[in-house]
Amino acid sequence: MSLRLLKKTLLRLGFWCLIGVLLLYAVFPFYYAIVTSLKPSGALFQVSYWVESPDFSNYAAVLHQASFLRAIGNSLVVALCVVTLALFLSVTAAYALGRVKFRGRGTVLMMVLGVSMFPQVAVLSGLFEVIRALGLYNTSWALILSYTIFTLPFTVWVLTTFMGQLPHELEEAAIMDGASPWVTLTRVLLPLLWPALITTGLLAFIAAWNEFLFALTFTLTDTQRTVPVAIALISGGSPHELPWGLLMAASVLVTVPLVILVLIFQRRIVSGLTAGALKG
Amino acid sequence: MPVSTTHAPREQLLLTRETPVQRRQVRTAWLFLTPMLLCLALVAVWPLLRTFWFSLTDANLADTSEGSFVGLSNYLFHNGSNWSGILVDPQWWNAVRNTLHFTVVSVGLEVVLGLLVALLLNIKFTGRALVRALILIPWAIPTIVSAKIWSWMLNDQFGIINHLMLSVGLIDAPLAWTADADLSMWAVIIVDVWKTVPFVTLLMLAALQMLPSDCYDAARVDGIHPLKVFWRVTLPLLMPALLVAAIFRILDSLRVFDVIYVLTSNSSSTMSMSVYARQHLVEFQDVGYGSAASTLLFLVVAVIAMLYLYLGRRQMEVRS
């Protein structure tokens with residue numbers, strides 16, 4: 001074998017080793033959670049790297065907990081409502097910011113960007129007061145309302161970028177035909193924006209599904225909790241004896257839908273995450 | 001999580017007189033903006049102003065309207081013989097130190113690892129799309145869940161990490177990752193790095209794909225060493241994207257809460273500024289003092305954010 005060929009083979013081998021390490025690093029923790037969740041509680045304290053005989057008792061136990069099912073329901077309602085609200089508010093805003101030139105546009109964009117950088121805890125006490133004044137404490141509405149603080153800036157920004165990229169002739173023709181701005185937006189521009197709406201909707205959904213600090217602070221009872229809080233509060237007999245099998249089963253259950261979504265919509269998510277970010 | 005830049009779609013100068021059509025358009029624009037602006041005013045601007053106000057009162061969580069004005073005494077107060085207030089609270093300064101330690105180490109690691117992974121995945125190979133999708137998994141897992149998974153893996157008695165390290169001979173006795181004061185910050189950093197490297201990688205990959213290929217063709221023709229090409233061409237061209245990613249991560253890390261709260265709860269060796277502020281606000285019900293901590297955190301983040309906006313502006317000016 002020539003030296004050149006040897007060098008090439010070694011390089012190739014090294015490359016695939018790196019890819020292997022990378023995949024192991026990225027996927028192993030989730031894989032290990034699945035392995036743990038499929039063990040009966042007796043076998044939990046023996047480390048093993050694969051499932052020998054899957055045991056679904058942890059899943060059965062989790063799914064029999066009314067409060068956990070309730071938490072999944074709450075999370076779904078909250079996340080879907082947040083997505084709907086954020087998309088509605090940001091589509092109209094993005095139309096104004098992306099299609100019309102007016103004084104104050106730059107200021108509005110800067111303000112939106114500024115809000116996206118807020119530390120959540122900085123609004124915690126003020127928001128707590130607002131929520132209590134509106135009578136929303138310990139309801140899903142408290143979360144739906146408060147989650148707009150981190151979804152809205154993001155959806156507005158991304159949709160404005162996408163909206164700005166649509167050709168101008170479109171709405172000129174619509175305006176010539178005497179269409180109102182609302183009709184132009186909903187009939188002409190919106191149909192072209194579907195891919196962007198799906199992307200931003202997905203990202204908003206994931207953000208709302210995963211949120212913890214507000215959910216922990218603005219809800220109090222088991223019936224109103226969302227999934228992250230429910231999982232964080234699962235406890236065993238003593239603080240040092242967490243029911244790990246149960247915990248991992250619950251973790252896998254709430255994560256699998258997200259992982260599937262991410263794998264299916266990978267391209268869209270990537271385009272949404274990087275939209276506008278690097279084009280400046 | 002928001003990803004954006006100071007780059008807004010280009011503004012054109014309106015030197016011509018406005019026509020009625022334009023005036024109507026501008027009116028519509030504001031009408032369309034109103035719902036979004038009202039919503040942000042309700043959930044962001046007003047609560048923030050209230051937080052500032054609370055920090056000057058002795059309000060209590062049970063009834064926030066009861067508080068009376070106490071000036072700056074939540075921040076600093078001299079009662080004749082000694083100082084009190086947040087600015088002389090060793091716990092607060094401990095939280096500041098922890099947050100800075102966490103931010104510097106984790107963002108540093110994330111940027112370096114993110115860049116390396118992006119360079120690796122920028123090479124064309126079969127199955128690249130699948131690998132790119134799979135490395136997104138840590139990013140999609142809720143922070144709470146990843147903190148729980150890792151705290152199981154890092155469990156001192158039954159955790160797989162200790163098991164592996166023991167069997168390889170790296171350590172002689174199991175490590176108490178989340179309980180040991182010297183190790184717990186590392187545990188937090190490990191989890192955070194694992195979760196956010198994919199995000200940095202994505203931004204870097206997008207930036208790599210926008211690099212002009214002619215530089216590389218020229219470099220190859222001239223037979224320049226790839227490492228030299230990286231240091232002299234790739235890295236300088238990637239710098240703006242790298243800075244954007246780093247600043248996003250810095251802003252995120254400064255307000256870190258979830259991962260620390262779940263992994264080590266209120267342990268003082270990992271307590272961040274957000275955890276400190278929430279502890280005073282909710283657990284001690286001391287809205288005045290907690291709001292003062294929140295306000296200080298807000299100021300730190302605001303200074304960094306403004307620095308970022310300023311740099312972004314300047315960059316845009318240089319380019320145009």
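Begin by selecting chain A and chain B together: 86 residues of chain A are in contact with 85 residues of chain B, where contact requires C-beta atoms, placed from the backbone, to lie within 7 Å. This is a predicted model, in which local features need pLDDT of at least 70 and side-chain atom pairs count only at pLDDT 80 or more, while totals for chains, interfaces and linings use all residues. Residues are numbered from 1 along each chain as its sequence is written, and chains are lettered from A and ligands numbered from 1 in the order in which they are written.

Next, select helix 6 (residues 140-165) of chain A, which gives the most to the side of chain A that touches chain B, with twelve residues. Helices here are DSSP runs (H or I, at least four residues), numbered from the N terminus. On that side of chain A, 59 residues are nonpolar, 23 polar and four charged. In this scheme Ala, Val, Leu, Ile, Met, Phe, Trp, Tyr, Cys and Pro count as nonpolar, Asp, Glu, Lys and Arg as charged, and the others, Gly among them, as polar.

Now colour chain A by domain: domain 1 covers 3-45 and domain 2 covers 57-274, with bounds from an automatic or database domain assignment. Their C-alpha centres lie 33 Å apart. Eight residues from domain 1 of chain A and nine residues from domain 2 of chain A form the contact.

Within chain A, display helix 8 (residues 181-210) and helix 12 (residues 266-274), which pack at an angle of about 85 degrees with their axes 9 Å apart. The axes are lines fitted to C-alpha atoms over the stretch in contact, and angles between N-to-C directions run from 0 to 180 degrees. Helix 8 of chain A is therefore roughly perpendicular to helix 12 of chain A, a term for angles of 65 to 115 degrees. Among the residues that meet are Pro195(A) and Leu203(A) in helix 8 and Arg268(A) and Gly272(A) in helix 12.

Then select Val82(A), Leu203(B), Met204(B) and Ala293(B), the residues with the most contacts inside the largest nonpolar core, which has 168 residues. Such a core is a set of buried Ala, Val, Leu, Ile, Met, Phe, Trp, Tyr and Cys residues joined through C-beta atoms within 7 Å; buried means 20 or more other C-beta atoms within 10 Å, exposed 12 or fewer, and partly exposed in between. Domain 1 and domain 2 of chain A both give residues to this core, so it lies between them.

Finally, find Leu116(B) in helix 2 (residues 90-121) of chain B. Leu116(B) is partly exposed, with 15 other C-beta atoms within 10 Å.

Technical notes. Helix = DSSP H or I, 4+ residues; strand = E, 2+ residues; numbered from the N terminus. Parallel < 35°, antiparallel > 145°, perpendicular 65-115°, else oblique. Contact = placed C-beta atoms within 7 Å.
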